[in-house]
Amino acid sequence: MMDRRTLVGVGAAVTTAVSSFFGGRKAEAKAKDMPYPKGTMQPRGHMERLERFANLDIESRQDFLMSYRAFINTDLSRMANMRADAILKAKGIPRDKELSQEEAISLLQDDPVIAMSTRGWLSAQQLMWNGLKDEFEGNADRYLSEMEAADKMGPGKLELKPDLKLPDYVKHEIHIQPGGYVGNEFAGHMYHYGTNAFYTGRNFNDELHVGSANNMPIPKDGKVLRILDVGCGIGQLSMALKERFPKAEVWGIDVGGPMIRYAHLRSVERGLDVNFSQRLGEDTQFPDNYFDIVTSYIMFHEVSPEGTAAHVKEAMRIVRPGGIYYPLDFKLTGVPRRTAYGQYRGWMDHRWNNEVWTQKFRTNGLPDMIRKAGFELNEKEPELLRGFGILNATKPMNA
Amino acid sequence: MADDKKTGERTKAASDYIKADTDNAVFLGNAHIDNLMTIVIAIGSEIWADRQRSRIMEHLLSTKGKVTTEMIEQFVPTDAQKTAWAAERDAMTKRVYSVLARDTSQGKPFGEERKFN
């Protein structure tokens, strides 16, 4: 893997000689002469595929916050669940009684253990994002220059569309990421490090995306020439699909310009020929029947019901007959009914973690939308990611 | 800098967004108690940052006999060190914060006398 700082050095020195980007020695020497973010002497290497933070302090602080998140999700959640059960018992409410979200909130929100657990989770989330924001915005010149150097490099191309009109539903600060996916120049950087904390450090090598790509079903005729990853974010699944199907033309599209810019930076570093373009999933601009596989990675729970319907309709248009449509997301069928505490936490995630659309995603009938659009839907196999939903759709040959 | 450009002159890709109002969340009855919880977690992260730095310094001094800021920043722990330090971190988290998981449902007010048979 090429070092990101090497990109900058070469980009500044030899902008026309693309091949020398991969040669590197002069560039590395130049890069070593450049000042690095405060507290850093030179690049600190990688944690597997993830570039290490620019200095030890932020790395350590983020490391601690990940540990605190794990503590809340285990020990504190266990106690909060016990408290919820005790409260129901004291009120004479059977544990298995189906409560509305409003009832659950009213019963549980004033319990000290539950409230403290929720507060702590949210505080850790805020501290994580704010720490990342401070790091990247505080050293904006450095990180922007790295992206600028990569913007025009290949092998894949980058299409930023600053005039693209974005629907309001994509503008939210989902999971309270500062600026969301569209409003901060370092949305891609923050998302990468932030979501790695969500995965509690078990995704340094994009393991979940590689696993999903490797489990992706292919059309019955075995032809996979073109693949689209809708709402590709920082391109982790797009790149994993390129690795599995090296001869295919792979595209990743996303509404977030900063997201795909970072995706492109990573694909340049890794020498992967993936095209990233800022486009809407409901208006992809691709020709009819263009793709053999269209997919998305945990995107739909962040899309409005209207946007969801439009995405599915567009997928039906661009998948070729016999092609596959597999939007990977949370489970919608066979999900156990939520306990009172689950209802309470669901609200916390929706209202305060700003997962604006997740609750609607659970009830908007995505499987039916896929069927009604004309796809044949298999909800049994294959499971791309353990514990997640199975929506393996095929466009009929006669469609 | 990699070149002479200033931040304001660089290519940008961000657009307008809708801000969340999570900063206004009050779950503990008083905004400053909520703030204190955030502070308590933030202090934990600062302590762990110093602890990590100390561990690396100890290691460098015992193995190399000297230490510089660059050596600390560039230090890459072995897999064994990563495992050991992660265990130490998680133990510290539990040691410091597990009181939050205490069952407070039997909490007694300051002035309540304890009754014995």
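This is a predicted model: local features need pLDDT of at least 70, side-chain atom pairs count only at pLDDT 80 or more; totals for chains, interfaces and linings use all residues.
Two residues are in contact when they have heavy atoms within 4.5 Å of each other. Residues are numbered from 1 along each chain as its sequence is written, chains are lettered from A in the order in which they are written, and side-chain values use heavy atoms, with hydrogens and water left out.

Start at S123(A). It is found in helix α5 of chain A, residues 112-138. Helices here are DSSP runs of H or I with at least four residues, strands are runs of E with at least two, and both are numbered from the N terminus. What does S123(A) touch, not counting residues up to four places away in sequence? The answer is D34(B), M37(B), T38(B) and I41(B). With T38(B) there is also a polar contact between side chains, at 2.8 Å. A polar contact is a pair of N or O atoms within 3.5 Å; within protein, one must be able to donate a hydrogen and the other to accept it, and residues adjacent in sequence count only if both atoms are side-chain atoms. Is S123(A) buried or exposed? S123(A) is buried, with a relative accessible area of 0%. Buried means under 20% relative accessible area, exposed over 50%, and partly exposed in between, using a 1.4 Å probe and protein chains only.

Now turn to the backbone of chain A. I176(A) is not a glycine, yet its phi is positive, about 50°. It sits in the loop between β3 and α7. I176(A) is buried, at 9% relative accessible area. I298(A) also has a positive phi, of about 45°, and is not a glycine. Its loop runs between β7 (291-297) and α11 (305-318). I298(A) counts as buried too, at 15% relative accessibility.

Next come the cis peptide bonds. One joins G154(A) and P155(A), with omega about 15°. P155(A) lies in the loop between α6 (140-151) and β3 (158-159) of chain A. Another cis peptide bond joins E381(A) and P382(A), where omega is about -10°. P382(A) belongs to the loop between β9 (376-378) and β10 (392-394) of chain A.
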